[in-house]
Each structure stands twice: as C-alpha cells, then as structure tokens.
Protein chains: 2
Amino acid sequence: MKKEVAIGIDIGGTNTVIGVVDREGNLIAEAHTPTLTNTDIKNYLDVLTAKINETVFELNGDVEVKGIGIGAPSSNYYTGEIVGASNLGWGDVIPFVKLLQEHYDYPAIVLTNDANSAAVGELMYGGAKSMDNFIMLTLGTGVGSGIVINGKLVLGHDGFAGELGHVITDVNGRECGCGRKGCLETYASATGICRTVSELIATTKIPSDLRKVPSGNFTSKMIYDAAVKGDELALEAFELTGKMLGRAIADFVAFSSPEAVFLFGGLAQAGDYIFKPTKKYMEENMCFLYSDKVKLLPSELDGAKIAVLGASAVVWKELEK
Amino acid sequence: MKKEVAIGIDIGGTNTVIGVVDREGNLIAEAHTPTLTNTDIKNYLDVLTAKINETVFELNGDVEVKGIGIGAPSSNYYTGEIVGASNLGWGDVIPFVKLLQEHYDYPAIVLTNDANSAAVGELMYGGAKSMDNFIMLTLGTGVGSGIVINGKLVLGHDGFAGELGHVITDVNGRECGCGRKGCLETYASATGICRTVSELIATTKIPSDLRKVPSGNFTSKMIYDAAVKGDELALEAFELTGKMLGRAIADFVAFSSPEAVFLFGGLAQAGDYIFKPTKKYMEENMCFLYSDKVKLLPSELDGAKIAVLGASAVVWKELEK
C-alpha cells in the first residue's frame, strides 16, 4: 500500500523548503529552491511546482500525496491569499492557493501564516500533543503567534487572529514597522533585543564589549554570546527583554488561560537567558487565578524542520474536518 | 406535548433571579429570592431549591425541565465550583453543581461565571446569533468578559479564561482589588469612571458640579447625568474611560480577531458617551490589519434578563454536546 503523505512548504524571504511528510511527522524527503522575489509570481510557481514534482517523482510512486500545506508570512487561511508581504515583492494580494490549484487537484491545498503552521506542528508532533489550549510565540526578526483553543487553531473572523507581536506593551514605546509605537515585537524579537542593547548603551554606564561594535552590526546571537561570557550589559538586555515579554504573556493568559506558552525562534534559542526572566516577570504580573499554572516551554520541534512539519500538519487537520 | 425548558439562575450579591426559559429564549416564568450570604451554603440551597420547585410547580406540568444553568461570580464550568467569591461568604470553594445534583437529576446542571453566561445569551438570543467570533465585555462594578471563538465559549485549560478586566493597561496605574496595579477594571468599570472623576478633580481645574459631591457618593449614573447636562469634567471622564477601554480592545482584537465586541452593564448604558470615545481609541490603537473591521456594539438583550437568559442558554449548549 502506498504511504499517505502531505507536502509541507515553507516560504522564507530567501529560500523555500519543501518537505514530504507522513502522518506521523516523519520527513521522507526534503528539497530546497530559492524564493524568487520581486518577480511575476508565475515565474516562482514554475520553479516551485517543478521542484515539487521532481521530489515526489523521486519517491518512485511509493507515496500518495493527500495535499499541500504552505506556511508563508502574511497569509490568510480563509482566502488562501498572501496579503501585503512586501519582502516577497509579488504584489499586494497573491491568490496562492488558487494558483497552486491550477497545477494540482489534491484533496487539500491550504495556506497559513508561518506562526500558525508552527503551532499546528507543535500540536501534532511536538510538546503540545496532549494539549487543547496553548500559545506558540515565534521570536524571530519579528514576533509571530499561533493560538490553539479547544484543540483548534484560532483564525478569527477574518483569518488574521493571533498577531500578538502587535499588542502594545508601552504606549510611549519604540516605533514599530506597523506604524504604531510600543508593539511587543519592538522589544521581544531578535531585532528588539538589539534595540535594547543600543538603548542600554545610551542610557547606562554598564561596561560592555558590545560598546565596541557598531549598533548596525548587532545580532541576537552576538548578544547571547556576550551574555554567556558574563557581559553585564548583555545580561541586562535579556532581563529587560524578559520583562516586556513576561508582562505581555501575563495578559495573554488572562485571555485564553492556556496550559502552556511555547517560545520558538532565534531569540528562544538563548535558553535560560531568555526563559528565566520571562518566567519571572510572567508570574509577577499574572492575575492570582493563574499563578504557577501556566508552563513556559521551548518548542520540542527541530527548529530547521518545524516550518515544513507544521505546514504539512495543517493538511491533516484540514482533511479531518 | 410538554414544552422543553431550561432553568436559568443568576446569583447576584444581593438577589437571586430564577427564570424558566424555553429554547427560543422566551421567559416563561420568573422568580426572585434573596441571596443568603455569609451563611452555611445549605441554608441558601434550601431556600433556592424551594423557590425553583415552587416556580416549576406553578407551571402545572406544562413544561419538561431539561436542566439548570447557573451564572455566578468566580465560577468554574469545568469543576462546577464557585471559587473565592468573598462577597458571597460561603467559603473558599463551593461545589455548587454537586450540591444541586443532590436535589435534581436533570440531564444538564452547569455553572459558569456571569460574563460567560452573558456571552452565551448574546450568542443564542442576541446580537451575536450569526457570529462565530466575538467578545462580550461586562462593564459593571468590575469588568468581566466572555469570549467566543469558532462558535464556542473560551474556557481555557482551567476554566478561568476570559478575565479581561485583569489585563494590565498601565503598569504604574491604579491599585486593583486583585492585588496588582493598572488592571483594566480600575478604569473601565462603573467604579473606574468614579475614580477617574476623582482624579480629574485633583489634577485639573475643569469646572464641574461633581466637585460639590463627596467622592464616596459618586455613581456612574450620576456622572452620566452630569455628562448629559454638558458637565465638562464628566465628559472628560468618559473620554478617558473610552481611551483606556479602546486601547485594551485594540489588543484583544490582535488576539482573536473577532467580528464584534459587545459592551454590556451599567457603564455601557451611557450609550454614545462611552461608545464614541471607545470606538475612536480602539481604531486609533489597532493594528492596520483590523482597521474598520471590528464592530463595537451594545448588547441586544434586555439588561434585566440577560443573566437568566444566558444561564439557561448554557444548558442548551451543554445538551448539544
């Protein structure tokens, strides 16, 4: 009997990863292709579909493809559209699912934003397997989120639910790319912690090797490495990042009272440096009803694979409907 | 054929209202009994069950009772317990459903907090009939909330989801009864607007008749009446209340992207005085993804009846499972 599989596609700003994944989350085949940006979307689709076909062909007919799940920025599950993803440069509204349907007639072709895919991946194959209520926060260049309530992904009325990177944590705070001020992602992302280091350099006299680096060259990895070496300013930057993130999570908890909050992405890889202060400020700021009830956990999925696993997982969820 | 009905019970700090309600939301009979507080819960249950029996008996066997729904403060649907409701004075943890089951063996006996009941009432009989995603905010002495996502009430991992009155809107803000500072309910409740008037009296020179009233005597109705007469300070108090509430709602929207947010309770009765500034600041502070998409609406249910209607509605939802 042929093995049933789903194809998971992770569309990043530079690369696209294609994974052929079985229902148990085993990655049977993997392929990569450049994400052709700033071009007619049809050029990219030609390359992408050729790569998909080649990858499936190489499995010698041992698999039966049940669907394609795509994780991409600014994506809407309901409409199947990628909306306003300026870094992809394909136009304002790309009917991605419709365009793929011209090539394939699989039972399920579904698009979700990348943080939502990550949440579904964690739900099906990771640390949230036994959970009905949790929140996944992806702390990368920005802050994304996927929220699961009553065992289902929260998409909201219009498909754009779960933009927790854009709750306002300080009304007089930092300028955000969205045009407002003080959004969580201006503090609790990889770029946010770089801004915090710049701020500490300006406002404190804490000694630090980071003062020798041009601020435009800061990376969260560099700040992590400094913290590991005991750099006081880097440690303080993690403390402040955890403070903003912990406070925000305390409010998220009052909304959906989740069993756990998962942290994922570049900044989450700092381990205790980010988890400890976040947990401390989360508990300090939480309403007593939830004290010591909500777990703060790292994602259990392999960082490099979570995107394609998650995208493929959305296919199985779709077929269950 | 006997008419199928559910009994809705609204336990307030002073009075308990009992309603016999059919599936369409018609209130067939209504009764009242004092809420016996600071006593052995058994005394109260004796009075309550006698009143329920009498009310049903008077319907001459024309009805078939399918269940009892109770709305009460600090109630947990999962455990059937009222937890830490200090104003009732029955003890820390009251297994209310279990105690009622000693008297009745109806197919469904369910307990939820009052704001959750109100949300279910709005969903079944009010303005949210056609909605799968909305938030109900009750602006009374405190701020309560009931959240519906994917057509279902959000209860969370532990049954305590939806305490939006306790998100922190100002980290250096007002002392809250929960022991923290700056919770939404210290601003956007009937008592919150009274505190805002006191603050404006202290910090501004805006002329107002309210300066002649001892602050301990302020009521939200009094502030509303002053606003209607054009009292500048009362109008400013509504503006500031709407500012805090609108900002908070903008963040709630980033969580669940609801079709609408309903306002209910004493403060919501101020109509445009509260809705206009709330809507303005909600839009001003909302992430562009949601601009002009989310309705801000008054509850469509009769204020006096929503609690029993909502409590009875939870019974039908339970039986649908």
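This is a predicted model: local features need pLDDT of at least 70, side-chain atom pairs count only at pLDDT 80 or more; totals for chains, interfaces and linings use all residues.
## Domains of chain A

Chain A is divided into domain 1, which takes in residues 3–124 + 304–320, and domain 2, which covers 131–298. The C-alpha centres of these two domains of chain A lie 28 Å apart, and 14 residues of domain 1 are in contact with 14 residues of domain 2.

On the side of domain 1 of chain A that touches domain 2, the largest share, eight residues, is supplied by helix H3 (residues 114–125) of chain A. Sorted by class, that side of domain 1 has eight nonpolar, four polar and two charged residues.

## Relation of the two chains

## Strand E9 of chain B

Strand E9 (residues 134–139) of chain B is mostly covered, with six of its six residues buried. B:Phe134, B:Met136 and B:Thr138 point one way from E9(B), whereas B:Ile135, B:Leu137 and B:Leu139 point the other way. In a regular strand, side chains alternate between the two faces of the sheet.

E9(B) runs antiparallel to strand E10 (residues 143–149) of chain B, to which six bridges join it; a hairpin of three residues connects E9(B) to E10(B), and B:Leu139 stands opposite B:Val143 in E10(B). With strand E12 (residues 260–264) of chain B, E9(B) pairs in the parallel sense over five bridges, and B:Ile135 has B:Val261 of E12(B) as its bridge partner.

Definitions and conventions: Residues are numbered from 1 along each chain as its sequence is written. Chains are lettered from A and ligands numbered from 1 in the order in which they are written. Domain bounds come from an automatic or database domain assignment. Two residues are in contact if their C-beta atoms, placed from the backbone, lie within 7 Å. Helices (H or I, at least four residues) and strands (E, at least two) are DSSP runs, numbered from the N terminus. Ala, Val, Leu, Ile, Met, Phe, Trp, Tyr, Cys and Pro count as nonpolar, Asp, Glu, Lys and Arg as charged, and the others, Gly among them, as polar. A residue is buried if 20 or more other C-beta atoms lie within 10 Å of its own, exposed if 12 or fewer, and partly exposed in between; C-beta atoms are placed from the backbone. Two strands pair if DSSP finds at least two bridges between them.
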